[in-house]
Amino acid sequence: MDPRSFADERSESRLYVGNLDLRITEAALIKMFSPYGKIISEDFLWHTRGPKRGEPRGFAFIQYSTKEEAKLAKEKMHGRLACGRPLMVRLASEKYLEEAAAQNSSKAGCNTIKSGTTSTISGQVSRSAKIAAIKNKLKALDEERDGAKKPKAS
């Protein structure tokens, strides 16, 4: 057996999951993705140094037992809202190619489907989904700030 074919098959069943809200835990991530197949491994990335040490980095990798399971999870979970943020789900092997394409063409056409999922031409999250995520974040920050400003009842 060619070791390269094993590596290719493994990378085709490995997903990159990005734009994770910092409140999402490893257990919650596994629970969200387990309905689509057998998860072999999960790599939840954390900051290892600096002021954010020990905090989640906002992305993870999930390894399924087959590439079919990974593709199904990608189809079902990409663009799905989790804690008010649309998930970015890609095959791990696609992620770096699409990031390079996104930098070269920031005006790629995208469409948002009313159900909350996103449909893209080059794999980017639609502009509408980005705006919705920003609005949700601003609303959460305003609520957090307003809650901190309220005087305590004596």
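1. Rings of Phe, Tyr and Trp, the last taken by its six-membered ring, count as a pair if their centres lie within 6.5 Å. In this predicted model, the structure holds 4 aromatic pairs. One of them joins Y16 and F59, whose ring centres are 5.8 Å apart and whose planes stand at 35 degrees, so the pair is described as tilted.

2. The places of these two residues deserve attention, since Y16 belongs to strand β1 and F59 to strand β3, and the pair therefore ties together parts that are 43 residues apart in sequence. Ring pairs also bring in F61, so that Y16, F59 and F61 are linked into a cluster. Y16 itself is buried, because its relative accessible area is 12% and the cut-off for buried is under 20%.

3. The two strands that carry Y16 and F59 are also paired with each other: β1 (residues 14–18) and β3 (residues 56–64) run in the antiparallel sense and share 4 bridges. Within this pairing, R14 has Q63 of β3 as its bridge partner.

4. Seen as a whole, the sheet is open and consists of 4 strands in the order β2-β3-β1-β6, with antiparallel pairing. Strands β2 (39–46) and β6 (88–91) stand at the edges, and each has a single partner strand, so one side of each is left without a neighbour in the sheet. From one strand to the next, the twist averages 20 degrees.

5. Two helices should be read together with the sheet. Helix α2 (residues 26–33) lies across β1, β2, β3 and β6 and runs at about 140 degrees to β2, while helix α3 (residues 67–77) lies across β1, β3 and β6 and runs at about 155 degrees to β6.

Conventions. Residues are numbered from 1 along each chain as its sequence is written. This is a predicted model: local features need pLDDT of at least 70, side-chain atom pairs count only at pLDDT 80 or more; totals for chains, interfaces and linings use all residues. Side-chain values use heavy atoms; hydrogens and water are left out. Two strands pair if DSSP finds at least two bridges between them. Axes are lines fitted to C-alpha atoms, for helices over the stretch in contact, and angles run from 0 to 180 degrees between N-to-C directions. Contact means heavy atoms within 4.5 Å. Rings of Phe, Tyr and Trp (its six-membered ring) pair if their centres lie within 6.5 Å; planes under 30 degrees apart count as stacked, over 60 as edge-to-face and the rest as tilted. Buried means under 20% relative accessible area, exposed over 50%, partly exposed in between (1.4 Å probe, protein chains only).
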